Amino acid sequence: MADFHEQRAAVKFCFLLGKNGTETLEMLKTAYKDDAMGKTKVFEWFSRFKNCEMSIDDKPRSGRPSTARTHENVEKIRQIIKEDERRTIEEIVELSGVTWSTAARFTEALSSISKDEFRQCFEKWNKRLDKCISVSGEYFEGD
């Protein structure tokens with residue numbers, strides 16, 4: 001996930017210069033390309049600044065952030081299960097280094113989808129990806 005702190009500063013700068021959200025969004029897209037902050041976030045930050053909340057820091061959140069559901073852990077567990085689908089949760093914990101509850105959630109999620117359901121979902125996703133590529137990332141409705 002990208003760190004948007006720098007872009008928030010740019011949004012605040014544009015706000016202070018009297019730019020509107022749409023102009024700011026276009027400037028961010030020009031500067032940051034695919035890593036630019038999304039439209040919703042730009043307008044949320046504009047709304048904060050209009051309400052005199054001038055800090056560009058995130059608001060505090062309750063609870064501890066998830067550290068287990070990382071791309072690396074997902075891939076690690078997926079590979080362990082791929083090597084031997086009959087592994088126990090205890091074996092997955094030992095091989096992956098994640099907690100028992102994390103391994104249980106991953107394995108439950110992976111095993112709850114049948115191979116046929118996964119194949120169908122993947123095919124739909126692939127068609128959608130091809131459509132996105134063919135329209136050069138422009139917005140479209142439907143399949």
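Predicted model: local features only at pLDDT ≥ 70, side-chain atom pairs only at ≥ 80, totals over all residues.
Let me start with Phe 15, which is partly exposed at a relative accessible area of 21%, where buried means under 20% relative accessible area, exposed means over 50%, and partly exposed is in between, with a 1.4 Å probe and protein chains only. Residues are numbered from 1 along each chain as its sequence is written, and side-chain values use heavy atoms, with hydrogens and water left out.

Now to the rings. Rings of Phe, Tyr and Trp, the last by its six-membered ring, are paired if their centres lie within 6.5 Å, and the planes count as stacked when under 30 degrees apart, edge-to-face when over 60, and tilted for the rest. By this rule there are three aromatic pairs. One of them joins Phe 15 and Phe 46 in an edge-to-face arrangement, at 5.5 Å centre to centre with 80° between the planes. Because Phe 15 lies in helix H1 (residues 5-16) and Phe 46 in helix H3 (residues 39-50), this pair ties together parts that are 31 residues apart in sequence; helices here are DSSP runs of H or I with at least four residues, strands are runs of E with at least two, and both are numbered from the N terminus. Phe 46 itself counts as buried, at 4% relative accessibility.

Trp 45 and Phe 49 form a tilted pair, 6.0 Å centre to centre and with 40° between the planes. Both of these residues lie in helix H3, four residues apart, or about one turn of the helix, and both are buried. Taken together, ring pairs link Phe 15, Trp 45, Phe 46 and Phe 49 into a cluster.

What lies over the face of Trp 45? That is Arg 48, at 4.1 Å from the ring centre, where the rule asks for NZ of Lys or CZ of Arg within 6 Å of the ring centre and within 35 degrees of the ring normal.

Elsewhere, Ser 96 lies in helix H5 (residues 89-96) and counts as buried at 7% relative accessibility. Leaving out residues up to four places away in sequence, Ser 96 touches Lys 76, Ile 77 and Ile 80, contact meaning heavy atoms within 4.5 Å.

Finally, the chain as a whole has seven helices and zero strands, and of its 143 residues, 20% count as buried.
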